[in-house]
Amino acid sequence: MFPIVNVNGKLVDKSTPVFSLDHAAVHRGEVIQEKIRFFNGRFLFQEKHYFHLMANMRMARMDIPISFTPDFFYSEIVKLQSESGLENAVVYFNVSQNFDQTDFWVTAAALPENWHFNSLFQIDQYRETHMPSGFHHRIHFTIPQERILMKFAQENDLNDLILLNESKSIARSIYGNFFVIHGNKIATPKLENGAKDDVLRTVTLAAASHAPYFDTVIEEEIFPFSLVKADEIFIARDGFGIISVSNFKKQNYSTEITSQLIDFVEEL
């Protein structure tokens, strides 16, 4: 993580105390986080990220200051990126409301110089709990419980986990949304199934509808057993990029169509 943070418009060292212990972000963990990819010197989908953040703040009944305009949003992420000098990074725009004060802080972390990650990436099903799929769970609050999932994956030599909803169909992964390619069809879980409502999911669906490889682009209920019949699986991780899944159980997957789909995603 880059050592400088943009807190309410001021650049400070990340070790500098900023919020009191009774601040909503500290005491209750009430933080909405938008992740924006900075790729080869430019922010991807910045306008979509702005409107997505505003929608999440409204859903969370947060007060949106009149100063929170698209220009404000862009200038604050640029302020930190310029200070960092990073050419490839994920930028986190965090918002929390503490009583009648809406605070924001922006952080950044370096990423590799690629948008499609297609090295060895193994997944498996997580069976110890189910992901809620209700309306309020679509708000992009930071989720401390994901640390448990990350630790479980690490202990089992996995890169990510298949997370199920109450109906035992696929909701999402720890890091993003599943997309499954089988023949000329590409499918992803519905929001009602517990999928993450994020910018990259929306952009990927739009890109798939423009790509010539698919006769069917659909949001539907997907069950884990159907993954063994897939040709390709990838995870759309907002703020990072597209991650191709290489292995699930004994099944190995191709990345051919996913690699070509990337070009359509980048054009949007």
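E146, R172 and K196 are linked in a network of salt bridges. A salt bridge here is a side-chain nitrogen of Lys or Arg within 4 Å of a carboxyl oxygen of Asp or Glu. This is a predicted model: local features need pLDDT of at least 70, side-chain atom pairs count only at pLDDT 80 or more, and totals for chains, interfaces and linings use all residues. Residues are numbered from 1 along each chain as its sequence is written, and side-chain values use heavy atoms, without hydrogens and water.

Seven salt bridges turn up in a search of the whole structure. Three of them are listed below, among them R172 with E146.

| Pair | Closest N to O distance |
|---|---|
| K79 and E76 | 3.3 Å |
| R172 and E146 | 3.5 Å |

R172 lies in strand β10 (residues 170–173) and E146 in helix α4 (residues 146–155), so the pair ties together parts 26 residues apart in sequence. Helices (H or I, at least four residues) and strands (E, at least two) are DSSP runs, numbered from the N terminus. R172 counts as buried at 7% relative accessibility, and E146 at 12%. Buried means under 20% relative accessible area, exposed over 50%, partly exposed in between (1.4 Å probe, protein chains only).

K79 and E76 both sit in helix α3 (residues 70–84), three residues apart, about one turn of the helix. E76 is buried at 8%; K79 is partly exposed at 29%. R28 is partly exposed at 49%, and E30 is partly exposed at 29%.

The protein chain has six helices and 17 strands. Of its 268 residues, 51% count as buried.
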